[in-house]
Each structure stands twice: as structure tokens, then as C-alpha cells.
Amino acid sequence: MSGLHIPLDTPDGSRTAHAENLLAPNPSAMTLDGTNTWVIGGREVVVVDPGPDDEAHLLRVRDHLGERRVTQILLTHGHVDHSGGARRFAGLTGAPVRALDPRHRLGDEGLADGDVVVVDGLEIHVYGTPGHSADSLCFWLPDDRAMLTGDTVLGRGTTIIAQDGGLADYLHSLDRLRAAAESLEARALLPGHGPVLPDPIGALDGYLAHRRERLDQIREARRRGARTPREIVRIVYADVDRSLWPAAEVSVRAQLDYLERL
Ligand SMILES: [Zn+2]
């Protein structure tokens with residue numbers, strides 16, 4: 001694909017032909033390098049995930065755009081590291097905020113599976129991909145053959161199932177993204193955190209394999225006597241940084257919930 005640019009050291013400045021990432025300065029174990037704010041379009045743009053309510057970041061995005069008008073702000077989901085700055089950024093640009101969850105909207109328009117957003121002649125196709133959270137969306141850019149994945153697929157490591165998500169939904173969403181990546185011949189995944197993934201099918205297969213592996217590990221931990229989510233985390237997530245264990249515990253609860261319903 002023409003115009004795919006992936007910097008080696010930071011996701012900041014990653015690009016496809018019509019999408020560009022401006023990294024928010026909120027790095028952590030959960031957010032990797034920070035939140036990726038994606039700017040899509042040409043002379044008019046859509047901004048996806050303004051990021052946390054960080055004035056310096058929001059002003060940097062606005063100043064970077066110069067004369068280019070922001071027509072809409074879209075959210076991949078409502079978690080605060082993606083949506084926290086949306087209201088302020090709407091104030092800076094006059095653009096409405098569209099999201100699946102009505103609580104995160106500003107203006108009359110929602111956003112849901114099947115919607116097509118048009119900016120500067122460019123189409124953005126909306127995919128409902130619940131799982132990481134109930135309100136997670138992905139955005140397909142046909143012109144760049146690139147999929148913005150929010151926190152459904154990250155640029156490094158794996159994502160978690162949050163309290164407002166669910167594993168059955170998540171696995172279904174990964175299957176759907178994989179089928180879309182194959183039939184649409186996707187060339188890149190543009191995640192909500194971390195670097196661009198230039199091998200969409202490889203990345204999605206890796207995610208699906210990882211999920212199956214974790215479920216097997218949880219079954220095995222239970223066979224060995226682990227009962228509570230915390231006991232299971234200590235065994236299954238032994239190789240993971242301890243600061244992530246509380247999030248892992250939420251993920252384990254989601255997996256236990258899934259196994260019980262099989
Ligand atoms: Zn996030």
C-alpha cells in the first residue's frame with residue numbers, strides 16, 4: 001500500500017495514505033506507549049479517539065491540523081483513555097462526538113455497525129466489535145485497506161476483557177475481523193495503542209490462538225486446584241507484570257464466565 005509508514009521507536013507519526021497517528025502522552029502498562037489519536041481525511045478530517053483529557057495533547061492535535069476542518073469526532077469506545085478529551089476537543093473544534101454509547105455522544109448522531117462516515121470523499125465503514133467493552137467499534141478505511149481497531153486489537157501484546165465486555169462477544173468479533181481482513185484484503189491494522197500491524201491476518205490469528213491458549217491454561221489451573229480468580233491469575237499470568245494483575249483478574253472472571261456457559 002502506498003504511504004504506509006511505521007516509525008521504529010514510537011507509534012507517533014505512524015501513517016497510511018489517509019490516516020495519521022498523534023500519540024497522546026499517557027503511557028502505562030495498560031495503554032502501552034499511550035493512546036493513539038487517529039486523524040483521517042484530507043482537507044477535512046475526522047478525528048478518532050481524542051484520548052484522555054490532556055490539554056497539551058488536544059492543542060497539539062488542533063495545531064497540527066492547521067486550516068483543516070474537523071467535521072466529526074468518532075470514538076472506538078467509551079473508556080476514558082480514548083474519550084476523556086472528547087468534550088474539550090469538541091469545544092476546540094466545534095465538531096460533534098459520535099459513539100455507540102449515547103453517554104459519550106455530543107450532538108444528535110450516534111454511531112453503529114453498518115454506518116458509513118464520509119469525510120473529504122473518503123469512506124469510513126463502521127464495524128460493531130463488542131468484547132473488550134460492550135461499546136467497541138472498529139473503522140475500516142477502504143481506500144487504505146486499513147482497519148482502526150481501538151482496543152479490540154493492540155499493536156503489542158494482547159488486550160483484556162474489561163468489566164463492561166464479554167469473552168463470547170470478543171471471540172465472535174475477532175472471527176468477524178479476521179473474515180473481513182481476508183475478504184477485504186486488509187493491509188494494516190491501526191490500533192488504539194502501540195504500533196501499526198502490517199500483517200492483519202497474522203495478528204488476528206495470533207489473538208485467536210492466544211485466547212484459546214489462555215482458556216486452556218485456566219482449565220488446567222482449575223484442575224490443579226485454583227479456585228478464585230486471584231489464584232488463577234497467580235498461576236496463569238505469572239509471566240505478566242504484576243501491575244496488570246488486577247486487570248488480568250477482570251479478564252479471568254470473563255473467561256470463567258465464558259467457560260461456565262459452554
Ligand atoms: Zn485504551
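A salt bridge is a side-chain nitrogen of Lys or Arg within 4 Å of a carboxyl oxygen of Asp or Glu. Side chains of opposite charge can pair when their charged atoms come close.

This is a predicted model, in which local features need pLDDT of at least 70, side-chain atom pairs count only at pLDDT 80 or more, and totals for chains, interfaces and linings use all residues. Residues are numbered from 1 along each chain as its sequence is written, and side-chain values use heavy atoms, with hydrogens and water left out.

**Salt bridges**

A search of the whole structure finds 18 salt bridges. The table gives three of them.

| Pair | Closest N to O |
|---|---|
| Arg-103 and Asp-101 | 2.7 Å |
| Glu-44 and Arg-69 | 3.1 Å |

Arg-103 is exposed at 72%, whereas Asp-101 is buried at 12%. Asp-113, at 43%, is partly exposed, and Arg-176, at 30%, is also partly exposed. Helices (H or I, at least four residues) and strands (E, at least two) are DSSP runs, numbered from the N terminus. Salt bridges that share partners also join Arg-98, Glu-109 and Asp-115 into one network.

Donors are N, O and S atoms within 2.8 Å of the metal (3.2 Å for Na, K and Ca); water is not among the atoms, so sites may look incomplete. The zinc ion has the protein donors Asp-81 (OD), His-82 (NE2), Asp-151 (OD) and His-193 (NE2), at 2.1 to 2.2 Å. Asp-151 and His-193 lie 42 residues apart, in the loop between strand S9 (146-150) and helix H4 (167-183) and the loop between strand S10 (188-191) and helix H5 (200-223), respectively. Asp-151 is buried, with 7% relative accessibility, and His-193 is buried with 0%.

**Helix H1**

Helix H1 spans residues 55-65, and its buried residues are His-57, Leu-58, Val-61 and Leu-65. Seen down the axis of H1, these buried residues fall within an arc of 100°, so they line one face of the helix; the arc is that of the directions from the helix axis to the C-beta atoms. Exposed Ala-56 and Asp-63 sit on the face turned away from the buried side of H1. After H1 comes Gly-66, with a positive phi near 60°.

Terms used: Buried means under 20% relative accessible area, exposed over 50%, partly exposed in between (1.4 Å probe, protein chains only).
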